[in-house]
Each structure stands twice: as C-alpha cells, then as structure tokens.
Amino acid sequence: MQSGDVLSEISRNHNVSVDSLLEFNTFLTDPDIIYAGQTITIPDSEGETFTVTAYTAGYESTGKEPGDPAYGITASGTEVQEGETIACPDSLSFGAKLYIPYFDKTFTCEDRGSAITEGRLDVYMEDLDEALEFGVKDLQVHY
C-alpha cells in the first residue's frame, strides 16, 4: 500500500469487490483504514470458469434426513451456511476463499460432494426450490 491508496480504488483496478479484498485480508478490520506499507493479497482478478450447481442439506442432496447427527454438517465439520458454504473438489483445501461475482459473495470451501470433481463447485442453499431453479451455470470464480 502507498500513501493515498483506498480499497475501493484497488478493488476497481483489480476487478474484485471490496468484500473480497476484506475476506482475503482478515487483518483489515475497517475498509476505511489502511496504511502505507501494508501488503495485501489480491485474489486472482481473471478468475477461472467453474460449472456451479446448488445443493441443500436435505435428503435429495445429501441422503440425510433432519434428526441425523450429520444433517447440515459439512465434510470439514462446520455447519452449512447459505451465502457462505461451498463444496469444492479435493484440489481446493478446506478454508479456501472463492469469490463468485455472480453472487457478489466470497464463499468458504467447507464441503465435498461425490459429483464435485475438478472444475465443479456446489453452492449451499437452504431452499430446495431455489437450488433447483439455480440449476447449472458456468461462472467465473476468483480464488
């Protein structure tokens, strides 16, 4: 960072959201306060195209019913969260952050799935109808 830098300008120059910059640089607690000399990580601005689908915690996606001790629990052991949880291929580590401009959100790789191979991602959604309506999309992903 240099004197006069602001996150909004950096985000525009690198085609990433301010939220994504904050997700990738957890030491930045206030987007309005940055200092000359700080080094920040800028997620891949070009991104990569992934085939993205959606899943729920329900039986249709996971084979689990409410009441099952593993219902709503990801492969990494966290509880699924809409707008946050994403199932990734093994090549992406649990905890990896992925910004998807389509959603304007940064997701955390917390789950796996039998159909989630290289080039595929599965976004967690609470509502089955929304997940079905989302369908299959080829989307840019930055990580």
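## A predicted fold, its sheet and its cores

Of this protein's 143 residues, 37% count as buried, where buried means under 20% relative accessible area, exposed means over 50%, and partly exposed lies in between (1.4 Å probe, protein chains only). Keep in mind that this is a predicted model, in which local features need pLDDT of at least 70 and side-chain atom pairs count only at pLDDT 80 or more, while totals for chains, interfaces and linings use all residues. Numbering starts from 1 along each chain as its sequence is written, and side-chain values use heavy atoms, with hydrogens and water left out.

**The overall layout**

The protein has 4 helices and 6 strands, taken as DSSP runs (H or I, at least four residues, for helices; E, at least two, for strands) and numbered from the N terminus. The C-alpha trace spans about 55 × 30 × 25 Å along its principal axes. Among contacts (heavy atoms within 4.5 Å) with a separation of 6 or more, 61% come from residues 24 or more positions apart.

**The sheet**

The 6 strands make an open sheet in the order β3-β4-β2-β5-β1-β6, and the pairing is mixed. Its edge strands are β3 (97–100) and β6 (137–141), each pairing on one side only. Direction ignored, neighbouring strands of the sheet are turned by 45° against each other on average; the axes here are lines fitted to C-alpha atoms, for helices over the stretch in contact, with angles from 0 to 180 degrees between N-to-C directions. For two strands to count as paired, DSSP has to find at least two bridges between them. Take β2 (residues 85–87) and β4 (residues 105–111): they run parallel, over 3 bridges. Within β4, D111 is the residue opposite A87.

**What sits inside**

A nonpolar core is a set of buried Ala, Val, Leu, Ile, Met, Phe, Trp, Tyr and Cys residues joined through side-chain atoms within 4.5 Å. The largest one here has 17 residues, and V52, I86, C88, L98, I100 and L121 touch the most other members. At least two residues of this core come from each of β1 (48–55), β3, β4, β5 (120–124), α4 (128–134) and β6. With 3 residues, β1 gives the largest share. A second, separate core has 9 residues, including M1, L7, L22 and L28.

Back to I86: leaving out neighbours within four places in sequence, its contacts include L98, I100, F107, C109, L121 and V123. As for cysteines, C88 counts as buried at 1% relative accessibility, and C109 does too, at 0%. A search of the whole structure for disulfides (cysteine sulfur atoms within 2.5 Å) turns up 0.

**The aromatic cluster**

There are 5 aromatic pairs in the structure. Rings of Phe, Tyr and Trp (its six-membered ring) pair if their centres lie within 6.5 Å; planes under 30 degrees apart are stacked, over 60 edge-to-face, and the rest tilted. Two of the pairs involve F134:

| Pair | Centre distance | Plane angle | Type |
|---|---|---|---|
| Y102 and F134 | 5.8 Å | 70° | edge-to-face |
| F103 and F134 | 5.5 Å | 25° | stacked |

Y102 is in the loop between β3 and β4 and F134 is in helix α4, so their pair ties together parts 32 residues apart in sequence. F103, in that loop between β3 and β4, is 31 residues from F134. Y102 is partly exposed, at 48% relative accessible area, whereas F134 is buried, at 7%. Together, Y102, F103, F107 and F134 form one aromatic cluster.
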